[in-house]
Amino acid sequence: MKSAARSSRTIALSEGADPRIVQAALEARRLGLARLILVGDGDEVRAQLKAHGYDGQDGDGIAIQDPASSPHADDMAQAYYRLRQHKGVTLDQAAKQARDPHIYAALLVREGLADGTLGGAVVPTAEVVRNALQIIGRAPGSKMVSSFFLMMFDAPHHPRKGAHVFADGGLVIDPDADEMAQIALASADSFRAMTGQEPRVAMLSFSTHGSAKHADVTKVAEATALVRAARPDLIVDGEIQFDAAIIPEIAQAKAPESPLQGAANVFVFPDLNSGNIGYKIAQRIGGATAIGPILQGLAAPANDLSRGCSASDVLHMIAVTASQANALRDAASETPAGPDAEVEKT
């Protein structure tokens, strides 16, 4: 995944004075994963860089932007005013709010000065998502924003090695059938973009092909039908239990006609309860590496960090964000889209 992220993409880190962020940024630049903008109080950021042994200058892949003194400050204020004036935000208020590092980092992406943003090491997920929706907006054609975890299985006891997607484990609480289908479609595209592999999508339930009857089972079956109608080319099955989706022998017993054949790599959970519990069990007991939550459905990458994240976690997320930016660049080269696409007014 990191090798796929190698590029000249620029990622704005909205908590640039945090030591974990600084350590990860320096390592990301050493590995050539991305160019980094550290957003925050300039003196504090420079002190952290010095503490980590960095004495370079702007232009070598690590830049500092202090929203209070940046030469872009007026442009960022104007951009935020244009986006939020319909909510009664005045230009003076916009100038003040644009000095918030998280808002400023999202504005850098909105204005084309960065390709993605990453934050959340010291603020709640809700703030990261709100800024992403209000400033960056949804991708053209995207009905919703959801999230996924990139789960890396590489321990000897793991029956299936490699990268898998678990969705949604961090954002959408109780999707209906249409929303679950949208999550599945976005997750399949995210898996392909992250890994270069063919997605094989399991729409998860406590039932396999009618083994139980319940409204929750019906929802998953309906969502599966919607995915198939939207993307006949996609390998997808549901409703299906997790074991039948990932173990070929169990698939042969429970779902012998399943196109997944026990080899699913994208797992779409029916709600946030099951998705969040599932990824944490896989991580904490199963020994998988969980990278995320990664947002999908946005016009440009904007990702969240756990407030308990390590520098290694941040490094992983820089790589993911750069990979998403590369995928969007490639998609844009096939289907050009204007930079001023309308942002949903929220």
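Good morning. The lining of the second largest pocket has, by class, 11 nonpolar, 12 polar and 5 charged residues. Here Ala, Val, Leu, Ile, Met, Phe, Trp, Tyr, Cys and Pro count as nonpolar, Asp, Glu, Lys and Arg as charged, and the others, Gly among them, as polar. A pocket is an open set of points on a 1 Å grid over the protein atoms alone, where a 1.4 Å probe fits, with protein on both sides within 12 Å along at least five of seven lines; lining residues have an atom within 4 Å of a point.

The model is predicted: local features need pLDDT of at least 70, side-chain atom pairs count only at pLDDT 80 or more, and totals for chains, interfaces and linings use all residues. Residues are numbered from 1 along each chain as its sequence is written, and side-chain values use heavy atoms, leaving out hydrogens and water.

Where does the second largest pocket lie? Domain 1 (2-137 + 307-328) and domain 2 (146-289) both contribute lining residues, so the pocket lies between them. The domain bounds come from an automatic or database assignment.

Let us turn to the two domains themselves. The C-alpha centres of domain 1 and domain 2 are 32 Å apart. Their contact (heavy atoms within 4.5 Å) takes 7 residues from domain 1 and 4 residues from domain 2. Between them, the domains bury about 420 Å², of which 84% is on carbon and sulfur atoms; buried area is the accessible area (1.4 Å probe) that two parts lose on being put together, summed over both.
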